[in-house]
Amino acid sequence: MKKILLSLAAIVTISTAAHAAPMPVAASFSILGDLVQNVGGTRITLATLVGPEQDAHVFQPTPADVQKLSRTQLFFVNGLGFEGWLKRLQQANQYNGRVITVTQGIQPISKPHPVQDHDSGGNDPHAWQDPQRVKQMVKNIADALVAADPAGTAYYRDRASSYNKELDKLLAWATQAVASVPEKKRVILTSHDAFGYLGQRLGIRLLSPQGISTESEASAKDVATLIQQMRKEGIRALFMENISNPKLIEQIGRETGAMTGAKLYSDALSRDPVAANYLAMYRYNVTELVKGMQRNN
Ligand SMILES: [Zn+2]
């Protein structure tokens, strides 16, 4: 009789665990939200603060955002100064959950040129543009979920490991795609410096008039220098981004006769399916970059 009771108790425990309410977590921006959702699966409910097509550099949390956050146990952020508004939020003591910085342990690259942004300590925040570094971010996400919800350990570890296999495949594909472009043509111009990690990983040289943050503005002199350089080197791979003002890039395009290439997704996912998740976004960006670089002289 005792045995039966024990096994009944076990069944009850298992079914309770399986039906336990999902853990509420938050992510600061859409790309990170996608990574968190891939690891967390059905064991989490996710709130994302800066949604698709929105710019996290200039975001200001509203009282509604703060409320949305207050209901979560974990808050995943990129770090490296990307969320300039985070300090204010924390100082105001408006969040009682745990803040997880997913770039912990990642080797950052420094900014291509200095801008007035003290938060990032001179590092480029756009680490998600390198799938190799994203694997570490995925591991950090899994570690945090496991710590907060130990019953889901195997679940989170499995999902993280299969996602990281997807990232390996993605990087292998991208490396091959870029290898199809002659080395001297591997240079692009985008509106803000969001592709430093991508360029470093895939061997693409980057030019940008706007600097690392969408907040900073390009000087007329910088733009003139860029235009000269583009003419001299025959650079025609010119790109806009989904979160940046297209005017400057359009002007450079007109003055150099370079056709403006497709819109790239740098800091946010798309609302339409083309870059609706990280894997699709990266694949789309690399495909467009390769097409653009083929036009260089
Ligand atoms: Zn950015």
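# Questions about one chain

Student: Which residues does Gln129 touch, not counting those up to four places away in sequence?
Tutor: Contact means heavy atoms within 4.5 Å. With residues up to four places away in sequence not counted, Gln129 touches Ala194, Phe195, Tyr197, Leu198, Tyr265, Ser266, Tyr278, Met281, Tyr282 and Asn285.

Student: What pLDDT do local features need here?
Tutor: Numbering starts from 1 along each chain as its sequence is written, and side-chain values use heavy atoms, leaving out hydrogens and water. This is a predicted model, in which totals for chains, interfaces and linings use all residues, side-chain atom pairs count only at pLDDT 80 or more, and local features need pLDDT of at least 70.

Student: How many helices and strands does the chain have?
Tutor: Both are DSSP runs numbered from the N terminus: helices are H or I with at least four residues, strands are E with at least two. By that reading, the chain has 10 helices and eight strands.

Student: Back to Gln129: is this residue buried or exposed?
Tutor: Gln129 lies in the loop between β4 and α5 (131–148). Buried means under 20% relative accessible area, exposed over 50%, and partly exposed in between, with a 1.4 Å probe and protein chains only. Because its relative accessibility is 0%, Gln129 counts as buried.

Student: Where is Ser270, and which backbone nitrogen lies 2.9 Å from a polar atom of its side chain?
Tutor: Ser270 sits in the loop between β8 (260–264) and α10, and counts as buried because its relative accessibility is 3%. A polar atom of the Ser270 side chain lies 2.5 Å from the backbone oxygen of Asp272. The backbone nitrogen at 2.9 Å from a polar side-chain atom of Ser270 is that of Ala275.

Student: In what order do the strands of the open four-stranded sheet run?
Tutor: Two strands pair if DSSP finds at least two bridges between them. Strand β1 (residues 23–29) and β2 pair in the parallel sense over six bridges, with Met23 bridged to Ile44 in β2. The sheet is open, its pairing is parallel, and its order is β2-β1-β3-β4.

Student: Which are the edge strands of this sheet?
Tutor: An edge strand here pairs on one side only. The two that do so are β2 (44–50) and β4 (98–101).

Student: What separates the C-alpha atoms of Thr72 and Val25?
Tutor: Thr72 lies in the loop between α3 (63–70) and β3 (74–77) and counts as buried because its relative accessibility is 9%. Beyond its neighbours within four places in sequence, Thr72 is in contact with Pro24, Val25, Ala26, Tyr95 and Gly97. Thr72 and Val25 are 47 residues apart along the chain, and their C-alpha atoms are separated by 4.7 Å.

Student: Which side chain makes a polar contact with that of Thr72?
Tutor: The Thr72 side chain reaches the backbone oxygen of Leu69 at 2.7 Å. Its side-chain partner, at 3.0 Å, is Tyr95.

Student: How far does helix α6 reach from its first C-alpha to its last?
Tutor: The expected span of a helix is 1.5 Å times one less than its number of residues. Helix α6 (residues 153–179) has 27 residues, and its expected span is 39 Å. What covers its buried residues includes β1, α2 (30–40), β2, α5, α7 (196–202) and α10. From first C-alpha to last, α6 reaches 39 Å.

Student: Which residue in β6 is the bridge partner of Val187?
Tutor: Strand β5 (residues 187–190) points Val187 and Leu189 one way and Ile188 and Thr190 the other, and all are buried. β5 pairs with β6 (residues 205–207) in the parallel sense over three bridges. The partner of Val187 in β6 is Arg205.

Student: What share of the chain's residues counts as buried?
Tutor: The chain has 297 residues. The share counted as buried is 49%.

Notes: Polar contact = N/O pair within 3.5 Å; in protein donor to acceptor, adjacent residues only side chain to side chain.
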